[in-house]
Amino acid sequence: MTQETVAPTSEAVLDREETISRDELEALQLSRLQHTVAYAYDRVPLYKRKFDDAGVHPTDLRELSDLGKFPFTTKEDLRLEYPFGMFAVPQHEVARIHASSGTTGRATVVGYTKKDLADWAKLVARSLRASGVRPGMKVHNAYGYGLFTGGMGAHAGAEALGCTVIPISGGQTERQITLIQDFKPDAILATPTYLLTIADAMMKQGIDPASTSLKFAVLGAEPWTEEMRHELETTMNIKACDIYGLSEVMGPGVAGEAVETQDGSHIWEDHFRPEIIDAFDPSVVLNDGEHGELVFTSLTKEALPIIRYRTKDLTRLLPGTARPAHRRMGRITGRSDDMIILRGVNLFPSQIEEIALRIPELSPHFQLELTRPEGQRMDQLTVRIERRESVTVEGVASAAKVLQQQIKIHVGSSCAVDVVEPGSLERSNGKLRRIYDMRPRA
């Protein structure tokens, strides 16, 4: 007996909140924001202390602009309240716990009530639908499962949308390829650098990445550029869209990119209130269109309400397009804590990616090495980047010179360039490490 294939529907039925006017949305935001600020003050001791120390009270929030009177929340606050000090509900009401890896310090712990989990799934489903995924499609989920929010958050959202989920998780690249060929998924969820790893591994096996069943990729968990989008779409014959989120605010699905416009992720402002602040003077709240650090306040979370959380992500807010009432995020140019200050010049890995992918001889695989040669006072940046397979020795030398010149012109700092053999640099199995700081510790 042959199994019938369920044809995915092409109809995209939007949530009511996706279609309301900006005025209606802001009225909803104010109501939810007033509730959340009072709820956090009453239930989370940290917020009572911070509000009292800042001389503000929930009743001071009378309009949306009043949010700027309230203190920020930082990752350090969550670490100091480890493990459950940020929770606003009793332990028996917490349905699930996630946490960061803790590799750069004590882990940050987040919790969810059953309602939180339902809201999260709904927003991931909304993001996937915006990016072209439809009910009935098979979705290959290559985000990592476990305490990291990516895998289970994406999984629940795809199921809520009505998709068939293939929960492969990250790593095991050869197996990923086998399942993509055998199960024939319509969409893949992964980090952009790991999808690039899969495409490279396919080519090494003699498989054309453009020949698979994949039509859509929903990619997040790390900054990526338009040049990387072009590389992936061309190589794999797919439409690639961004999905944004972070554990402290919810997880993936805080914002999602529309496949018809591919012009930045719309923030689901019925659940989150975004701000942009000056990363060097946090007291300054910037206007839409100005570039700075993204800050989020949750509007509907029960287990862990978050007030003015500093994400460290650098971007700007833009008017909505495919979802007019919901503002968009510009491409994240980097993180303030990933910024390299090299001889007085601020530099981000995404800038190198953007420049390198415009040079046909160079691949998207690169690392940045920071050193301070013995006896010297100045730091040295070396860009180690793989050549493409077809490039000659003469082409390598020319490409290295062009990259060096373009970095000097567009970034304003000198660096060394080391073009290495294809396949010689570490590949992503999830989030990719770009910066290797080899400078001696004080």
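Trainee: In which sense do strand β18 and β21 pair, and over how many bridges?
Mentor: Strand β18 (residues 362–371) and β21 pair in the parallel sense, over three bridges. Two strands count as paired if DSSP finds at least two bridges between them, so three bridges meet that requirement. Strands (E, at least two residues) and helices (H or I, at least four) are DSSP runs, numbered from the N terminus. Within this pair, Glu-369 stands opposite Tyr-436 in β21.

Trainee: On what kind of model does this rest, and how are residues numbered?
Mentor: The model is predicted: local features need pLDDT of at least 70, side-chain atom pairs count only at pLDDT 80 or more, and totals for chains, interfaces and linings use all residues. Residues are numbered from 1 along each chain as its sequence is written, and side-chain values use heavy atoms, with hydrogens and water left out.

Trainee: What makes β20 and β21 edge strands?
Mentor: The open sheet has four strands in the order β20-β19-β18-β21, with mixed pairing. β20 (416–420) and β21 (435–437) each pair on one side only. From one strand to the next, the twist averages 20 degrees.

Trainee: Which strands does helix α9 touch?
Mentor: Helix α9 (residues 349–356) packs on that sheet and touches β18, β19 (380–387) and β21; contact means heavy atoms within 4.5 Å. The direction of α9 makes about 145 degrees with that of β18.

Trainee: What leaves one side of β10 and of β15 without a neighbour in their sheet?
Mentor: That open sheet of four strands has the order β10-β11-β12-β15, with antiparallel pairing. β10 (272–277) and β15 (334–335) stand at its edges with a single partner strand each, so one side of each lacks a neighbour in the sheet. Strand β11 (residues 292–298) and strand β12 (residues 309–315) run antiparallel and are joined by four bridges.

Trainee: Why is α4 called roughly perpendicular to α5?
Mentor: The axes of helix α4 (residues 114–130) and helix α5 (residues 149–161) come within 7 Å and cross at roughly 75 degrees. Angles of 65 to 115 degrees count as roughly perpendicular (under 35 is roughly parallel, over 145 roughly antiparallel, the rest oblique), so α4 is roughly perpendicular to α5. Axes are lines fitted to C-alpha atoms, for helices over the stretch in contact, and angles run from 0 to 180 degrees between N-to-C directions.

Trainee: Which residues of α4 and α5 make the contact?
Mentor: Among them are Trp-120 and Leu-128 of α4, and Gly-153 and Leu-161 of α5.
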